[in-house]
Amino acid sequence: MVDRLVAANRHYAKNYRDPGMSAMPVRHTAVVTCMDARLDVHAMLGLELGDTHVIRNAGGVVTDDVVRSLTISQRHLGTTQVVLIHHTQCGMLTVTEDFRRELEADTGLRPQWAVEAFVDLDGDVRQSMNRVRRSPFLLHNDTVRGFVYDVTTGLLREVFPLPDVQPEDAPEQS
């Protein structure tokens with residue numbers, strides 16, 4: 001399969017012309033989404049080459065490495081907005097944190113990373129939104145929106161953050 005990919009690249013390169021683009025995304029936006037092969041991010045969002053940064057991982061979860069990429073995207077390449085996209089039928093809904101123990105048993109090494117499995121799509125989108133909002137490294141952590149993409153309809157559904165809940169016994173502010 002890799003040979004087929006390399007051959008396809010040679011075919012692509014024959015007609016390739018450097019568009020002279022900057023690494024700075026034209027739309028000043030970074031999209032964080034799942035690595036699932038069913039997600040054609042550019043097509044689903046009506047994007048062209050050079051419009052956005054697209055950061056992908058298993059589940060589209062905001063991990064330390066995603067924060068690292070977003071920080072570089074914002075501080076060095078001018079992005080100001082973050083879009084988070086999880087999706088229905090995600091494989092991370094079927095994996096558990098036991099996967100780490102299985103890997104350790106199989107390899108003799110404990111992974112240094114968390115699996116970041118989840119059972120609630122909306123809840124995990126909210127968690128990822130909170131991780132962006134709370135990061136001290138991001139310049140624009142207030143311009144984050146989250147969505148769930150339906151792999152059967154192609155539609156995005158926005159996930160809104162839960163309102164901040166004040167404890168009942170907290171003194172009233174005057």
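Author: What follows takes the labels one by one and sets values against cut-offs.

Author: This is a predicted model, where local features need pLDDT of at least 70, side-chain atom pairs count only at pLDDT 80 or more, and totals for chains, interfaces and linings use all residues. Residues are numbered from 1 along each chain as its sequence is written, and side-chain values use heavy atoms, with hydrogens and water left out.

Reader: How many helices and strands are in the chain?

Author: The chain has 5 helices and 5 strands. These are DSSP runs numbered from the N terminus: helices are H or I with at least four residues, strands E with at least two. From the N terminus the order is α-β-α-β-α-β-α-α-β-β. The C-alpha atoms fill a box of roughly 70 × 45 × 35 Å along the principal axes.

Reader: Why is the pair of tyrosine 12 and tyrosine 16 called tilted?

Author: The structure holds 1 aromatic pair. The ring centres of tyrosine 12 and tyrosine 16 are 5.5 Å apart and the planes stand at 40 degrees, so the pair is tilted. Rings of Phe, Tyr and Trp (its six-membered ring) pair if their centres lie within 6.5 Å; planes under 30 degrees apart are stacked, over 60 edge-to-face, the rest tilted.

Reader: Is tyrosine 16 buried, exposed or partly exposed, and what makes the label?

Author: Tyrosine 16 has 38% relative accessibility, so it counts as partly exposed. Buried means under 20% relative accessible area, exposed over 50%, and partly exposed in between (1.4 Å probe, protein chains only). Of the 174 residues of the chain, 31% count as buried.

Reader: Which class does glycine 46 fall in, and why?

Author: Its relative accessibility is 45%, so glycine 46 counts as partly exposed. Glycine 46 is found in the loop between helix H2 (41-45) and S2. Leaving aside neighbours within four places in sequence, glycine 46 is in contact (heavy atoms within 4.5 Å) with Arg27 and Asp51.

Reader: What makes S3 largely enclosed?

Author: In S3, 6 of the 7 residues are buried, so the rest of the structure largely encloses it.

Reader: How do you know which strands pair with S3?

Author: Two strands pair if DSSP finds at least two bridges between them. S1 and S3 have 5 bridges and pair in the parallel sense. S3 and S4 are joined by 6 bridges and run parallel. Threonine 29 has glutamine 81 in S3 as its bridge partner. Isoleucine 85 stands opposite phenylalanine 147 in S4.

Reader: What makes a space a pocket?

Author: On a 1 Å grid over the protein atoms alone, a pocket is an open set of points with protein on both sides within 12 Å along at least five of seven lines, where lining residues have an atom within 4 Å of a point. Grid points are joined across faces, edges and corners, and a volume is the space filled by probe spheres set on the points. The largest pocket holds about 350 Å³. Of its 19 lining residues, the closest to the centre are Asn57, Thr63, Ala114, Val115 and Glu116. H3 gives the most to this lining, with 5 residues.

Reader: And what lines the second largest pocket?

Author: The second largest pocket has about 210 Å³ of space. Its lining has 13 residues, with Thr29, Gln81, Val82, Val83 and Phe147 nearest the centre. Strand S1 (29-34), strand S3 (81-87) and strand S4 (144-149) each supply at least two lining residues.

Note on methods. On a 1 Å grid over the protein atoms alone, a cavity is a set of points where a 1.4 Å probe fits but cannot get out, and a pocket is an open set with protein on both sides within 12 Å along at least five of seven lines; lining residues have an atom within 4 Å of a point.
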